[in-house]
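Dear colleague,

My findings follow directly after it.

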Amino acid sequence: MRFHILTLFPEAFAGAAEYSMMGRAVQRGLVSVNVVDIRQFTEDRHGTADDYQFGGGPGMVLKPEPTFAAVEKILASLPADDAANTPVVLTSPQGSRFNQRLVDEFAAAPALVIICGHYAGVDERIRTNLATHEVSIGDYVLTGGELPAMVMVDAVSRFIPDVVGSAENVQEDSITSGLLQHPLYTRPADFRGMEAPEILRSGNHAAIDQWRRRQSLERTFRLRPDLLPAAHLSNSDRAYLAQLGWPVDGNEPLAE
Ligand SMILES: C[S@@+](CC[C@H](N)C(=O)[O-])C[C@H]1O[C@@H](n2cnc3c(N)ncnc32)[C@H](O)[C@@H]1O
């Protein structure tokens, strides 16, 4: 997977893809991150990438020409089929909420272009005529799209084959599995009188699996009951949830 990130602040990405799992994925050639300085696509000698708003108002707006030129150059460098299937993502607090469905969709694409806005935002024509997706990482406003771009690169990379050690790791994670993950413990077994559950140290794998599944169900029921209607639940999961108070046949969980 090749990520192309368009930004006015390429230095924000220095080191971002060089450590931990991302660093290894880059070294192994599983992903690459091409940070593109939008100013390099400006045509005046001052490298003007933003301008005042028509109609007046505070804050500068990212001009359309350099961003269009940068995206068009990237797409032209790809085989036609890949270019047609490469999402062009505009980071924006007004966009659809970034979630696992988008992670899956982006991870299946041949490449991903991410546009980082800044200042007051971007010229509307970038949103309507260049971006294929407008994506928000949450209901708050950041200074620029650089952190959202890093969030997307990280989350999508975990679903590129072989980036994370075993496919099982990502499939068992919270949200991805449809449920919140069970609690995790490591050594020491007793830390300041707080003991790791005996069952996890019992070596009884069937009992451990059942304990983890139930913890996962209970945690989801208590913290994120909205996830349950879409989760894959066995009859015994449903029976366990019913004991907790979740309706077996209904769509909505009971209020606690
Ligand atoms: C200060 S914000 C502009 C917000 C804009 N004035 C508005 O009200 O929609 C500057 C840039 O940061 C990025 N950004 C800010 N918050 C974001 C969020 N929650 N998710 C994704 N991108 C965000 C976008 O690229 C945006 O163009």
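The radius of gyration used here is taken over C-alpha atoms, and the globule rule is 2.2 Å times the number of residues to the power 0.38. For this predicted model, the rule gives a value near 18 Å for a compact globule of 256 residues, whereas the protein chain has 23 Å. Along the principal axes, its C-alpha atoms fill a box of roughly 70 × 45 × 40 Å.

The protein chain is divided into two parts: domain 1 covers residues 2-157 and domain 2 covers residues 175-256. The centres of domain 1 and domain 2 are separated by 38 Å. Nine helices and 10 strands make up the secondary structure of the protein chain.

Among contacts with a separation of 6 or more, 71% are between residues 24 or more positions apart. The accessible surface of the protein chain is about 14,800 Å², and carbon and sulfur atoms contribute 50% of that surface. The side chains include 22 positive and 33 negative ones, with the centres of the two sets 5 Å apart.

One element deserves a separate note. Helix 1 spans residues 20-27, and its buried residues are M21, M22, G23 and A25. These buried residues pack against strand 2 (32-37) and helix 6 (146-157). Just after helix 1, G29 adopts a positive phi of about 75 degrees.

With kind regards

Technical notes
Residues are numbered from 1 along each chain as its sequence is written. This is a predicted model: local features need pLDDT of at least 70, side-chain atom pairs count only at pLDDT 80 or more; totals for chains, interfaces and linings use all residues. Side-chain values use heavy atoms; hydrogens and water are left out. Domain bounds come from an automatic or database domain assignment. Helices (H or I, at least four residues) and strands (E, at least two) are DSSP runs, numbered from the N terminus. Contact means heavy atoms within 4.5 Å. Accessible areas come from the Shrake-Rupley method with a 1.4 Å probe; for residues, only the protein chains shown count as cover. Lys and Arg count as positive and Asp and Glu as negative; His and the chain ends are not counted. The place of a charge is taken as NZ of Lys, CZ of Arg, CG of Asp or CD of Glu. Buried means under 20% relative accessible area, exposed over 50%, partly exposed in between (1.4 Å probe, protein chains only).
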